[in-house]
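Here is a short briefing on one protein chain. Keep the structure open while you read.

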Amino acid sequence: MKKYFLTGFALVFLSAFAFSQTDIPLKYTTNITEQGLKKQLTIIASAEMEGRETGTRGQRKAASYIESQFREIGLQYPESLKGYQQYYPLFKDTLISRRMKIGRRDLRYGKDYILQTGSSLATRLKASAIVFAGYGIEDSNYNDYAGKDVKDKIVLIFNGEPQVNENYLVTGTNRQSKWGYSISAKAVLAKEKGAVAVLFVNPLWDSIPPALVENSKKTNLYFPHLSDKPKATVISIIPSLLKYIVGANEANVIIETAKSRGPLNNFNIEKEIKTKLILKKRSI
């Protein structure tokens with residue numbers, strides 16, 4: 001008898017609990033109507049809100065309207081927020097001027113070089129020497145920096161990582177490591193080594209793709225992560241510029257080796273050549 005009584009009590013309790021959980025949604029379904037939803041969505045999606053893209057005037061107008069509706073229905077915000085809206089920093093950078101010179105040669109933006117999107121950006125950058133650092137890799141199985149001092153200099157590195165007989169030297173397998181696809185990892189390492197900038201070369205380029213040129217002039221919206229490691233400024237250059245840095249013969253050998261993904265850590269090249277980079281950006 002006691003067993004049945006407890007079972008019955010549990011069923012009554014669960015039924016009451018289930019009803020209380022559904023009671024709140026049922027209460028609000030009487031206030032939410034098709035006409036009301038249509039009215040609100042028509043306003044939020046109107047041309048007046050200008051698309052509501054994050055960081056734009058339209059987004060701020062939409063947020064203000066939603067806040068006004070919260071106030072109208074008496075919705076209270078948590079005291080810890082001190083308001084209906086929670087603010088956080090977002091940035092978007094746009095290059096407004098750029099000039100670069102290697103030795104006596106003035107480089108043309110979009111033709112000879114571009115700034116890698118998302119790079120750390122120095123307003124003025126000067127160096128008196130360029131050091132060739134292969135693929136820009138430092139690993140127990142393969143090291144492009146061994147015996148090289150790049151502090152306060154510019155490092156010249158190539159895209160990708162070395163392979164021999166279909167195997168990548170870093171992993172020792174047919175699977176590439178992070179160095180094969182992460183320019184960011186190479187820029188972080190260069191910064192840790194003391195380099196002021198990276199000249200980055202894709203050996204397969206004859207010219208810089210137009211889409212990359214346009215994308216390099218501005219960044220997407222980004223949130224400043226304090227945990228991100230500092231990176232050297234990355235400047236992508238066309239392969240034909242190498243002859244002005246290391247000499248025509250050396251440049252041809254290096255480019256052909258890089259195209260075949262051969263090791264580049266046996267090239268020890270450092271050129272005393274003055275490099276100047278002047279870049280200006282505007283953040284929202």
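This is a predicted model. Its largest nonpolar core has 58 residues. Val155, Leu156, Phe158, Leu199, Ile237, Leu242 and Leu264 touch the most other members of that core. In soluble globular proteins, nonpolar side chains tend to be buried together.

**Core**

- Phe158 is one of the core residues that touch the most other members.
- Leaving out residues up to four places away in sequence, Phe158 touches Phe132, Gly134, Tyr135, Lys186, Phe200, Val201, Pro203, Leu242, Ile254, Ile255, Ala258 and Leu264.
- Two of these contacts, Leu242 and Leu264, are also named among the core members with the most such contacts.

**Sheet and helix**

- Strand 9 (residues 197–201) runs parallel to strand 10 (residues 233–237), with five bridges between them.
- Leu199 has Ile235 in strand 10 as its bridge partner. Leu199 is also among the core residues that touch the most other members.

**Aromatic pairs**

- Rings count as a pair if their centres lie within 6.5 Å, and planes over 60 degrees apart make the pair edge-to-face.
- The count by this rule is five aromatic pairs.
- Tyr77 and Tyr84 are edge-to-face, because their ring centres lie 4.9 Å apart with the planes at 75°.
- Tyr77 has 35% relative accessibility, so Tyr77 counts as partly exposed.
- Phe132 and Phe267 are also edge-to-face, because their planes stand at 80° with the ring centres 6.2 Å apart.
- Phe132 lies in strand 5 (residues 130–132), while Phe267 lies in the loop between helix 7 (248–259) and strand 11 (270–271), so this pair ties together parts that are 135 residues apart in sequence.
- Both Phe132 and Phe267 are buried.
- One aromatic cluster is formed by Phe70, Tyr77 and Tyr84.

**Charges over rings**

- Arg105 lies over the face of Tyr244, 4.2 Å from the ring centre.
- Lys178 places its charged end over the ring of Trp179, at 4.9 Å from the centre of that ring.

Technical notes
Residues are numbered from 1 along each chain as its sequence is written. This is a predicted model: local features need pLDDT of at least 70, side-chain atom pairs count only at pLDDT 80 or more; totals for chains, interfaces and linings use all residues. Side-chain values use heavy atoms; hydrogens and water are left out. Rings of Phe, Tyr and Trp (its six-membered ring) pair if their centres lie within 6.5 Å; planes under 30 degrees apart count as stacked, over 60 as edge-to-face and the rest as tilted. Buried means under 20% relative accessible area, exposed over 50%, partly exposed in between (1.4 Å probe, protein chains only). Helices (H or I, at least four residues) and strands (E, at least two) are DSSP runs, numbered from the N terminus. A charge sits over a ring if NZ of Lys or CZ of Arg is within 6 Å of the ring centre and within 35 degrees of the ring normal. A nonpolar core is a set of buried Ala, Val, Leu, Ile, Met, Phe, Trp, Tyr and Cys residues joined through side-chain atoms within 4.5 Å. Contact means heavy atoms within 4.5 Å. Two strands pair if DSSP finds at least two bridges between them.
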